[in-house]
Amino acid sequence: MIHMHKKNNSKLLKRIIGITATVIILMAAVVAIIFFHLMRKPQIKLVEAMVNTINSSRESEMNQQYGTFDMGMNMINGSQSFSFEDNSDHSVDISLKRSASDHNFLAEAGVDDKTFKLYANKRTSLIYIDDMAIRIQYADNLITNMSNSQVVSLLGIDSDTVYSFGTAYENCMRMAANNYADINGDDIQTDIIQKTLKYFFNMEGTSEGKQTVVTGDSTQDCKVYSVIFNVDDFYSYLDECFGTHDIDLQEVYDMFGKYIPEIDTIDNTAELVHDIKQFVDEMLDGRDITLYFAVNSKNELVKLYADHVSDRDMSMSLTFYGDKYTAQSYEFTVTDNSDNHLVIKKRDVSSDGETGVVFDVDISAADLMDSMKPVSISASLELRLSGSDAILGIQVGDAVFRKNAEITGYDKGNSIDLAWSGDSDGSMHIGCDSGAIEKPEYRDSLDIFDTDVISAYKFIKEIMNR
């Protein structure tokens, strides 16, 4: 009898093991099928190819000498440090520091004796005007605090505007401080990431076969794929992620103007979704776009393009055509049948011991959009390094800033410092060495949405009288 029980138990154990193994094999097969299906999607190939093209920048002379690729990657990942100062016509001092890991952000700007600062950490933001600071607790029920604020009530700001402005400001500060945790510690960014991935993976795409593609002055044999940008799906994605609150804040500016006539009108990020939709409508006439992209034998993206878009017969292309490495040079172009165009060019330079990068921008838009004023402008940015010497050039229209500078120091992969003298003295620092970011001191501060009207009026009046 005991032997029978052992035999039955052994059979039962084998059966359980067999069922478990079968389930594991089936799960692995399902995962493999899903993974294989995703990897075959053109949009996945687009991402892979773009990453490979970007990685080709490691071969640049500038990266070999100064570690600019690693520096750039660290900056993208959230560690940024930039400063610029010059006394050409006025004393100008600009700096920005951001540490994503420490959740700290600090931007400073000074012209002559006037200064402005913006500081943000995980819970609070401080807007400094000289030595006075306006405090906004962006991460602690900002919209509720605004709704209950005496200042907001006095200005007559409606609930939709409170919601949209509060949401936009909170999102900006969360991005600056890399803080996507709510008051309970839950990650509020995950939902948007999941919705973005879903939208991306659901895009319709196909393989277009092998084609000979023109890149710069040469041709390459490439595999070409296409992805359809569906306008309605894009609108649904925007609404699902960011809401449908379309507002005009000019009324708010007008209300503020009664109390602070000197206030400048600024663009409102709360209207971002509305503006994107308007831009797509006017540019594309509500039509879907088929985006094509070409991948070379190294699995690098060499061209992304779309032709005959909208009633304007608009064309768009992003072409990489470096001869030493793919990302050495690229050109992004948008044109239409009315001679409107946008051209952005970038090229890495390397010759006779000199290395650097040059960007050129040319914009001509006479009647591109009904909501846009005619624009015609050219601009360029140039940085050339040779030994201990450097050339820094910035040109926007007729305005030109060009300096022969000295490389006063660099830490490969982390930072580079330039300084110049002559008709003006100045310096510039670029790097990913943000270090510890301290909250600036202030003489007085006020929580603008947690105070009475009289205190707010006195505080703002003191700022304006300085």
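Guide: Two strands count as paired if DSSP finds at least two bridges between them. The model here is predicted, so local features need pLDDT of at least 70, side-chain atom pairs count only at pLDDT 80 or more, and totals for chains, interfaces and linings use all residues. Residues are numbered from 1 along each chain as its sequence is written, and side-chain values use heavy atoms, with hydrogens and water left out.

Visitor: OK. How many bridges join strand 18 to strand 19?

Guide: Strand 18 (residues 415-420) and strand 19 are joined by 6 bridges and run antiparallel. Strands (E, at least two residues) and helices (H or I, at least four) are DSSP runs, numbered from the N terminus.

Visitor: And what is the bridge partner of serine 415?

Guide: Serine 415 pairs with glycine 431 in strand 19.

Visitor: What's in the turn of that hairpin?

Guide: There are 5 residues between strand 18 and strand 19, and glycine 422 in the turn has a positive phi of about 130°.

Visitor: Which residue in strand 19 stands opposite serine 83?

Guide: Histidine 429 does. Strand 1 (residues 79-86) and strand 19 (residues 426-431) run antiparallel, with 6 bridges joining them.

Visitor: Switching to helix 2. How far apart are its end C-alpha atoms?

Guide: They are 20 Å apart. That agrees with the 20 Å its 14 residues (42-55) should span at 1.5 Å a residue, the expected span being 1.5 Å times one less than the number of residues.

Visitor: Which of its residues are buried?

Guide: Pro42, Gln43, Ile44, Leu46, Ala49 and Thr53 are; buried means under 20% relative accessible area, exposed over 50%, partly exposed in between (1.4 Å probe, protein chains only).

Visitor: And where is isoleucine 377?

Guide: In strand 15. Isoleucine 377 has a relative accessible area of 33%, so it is partly exposed.
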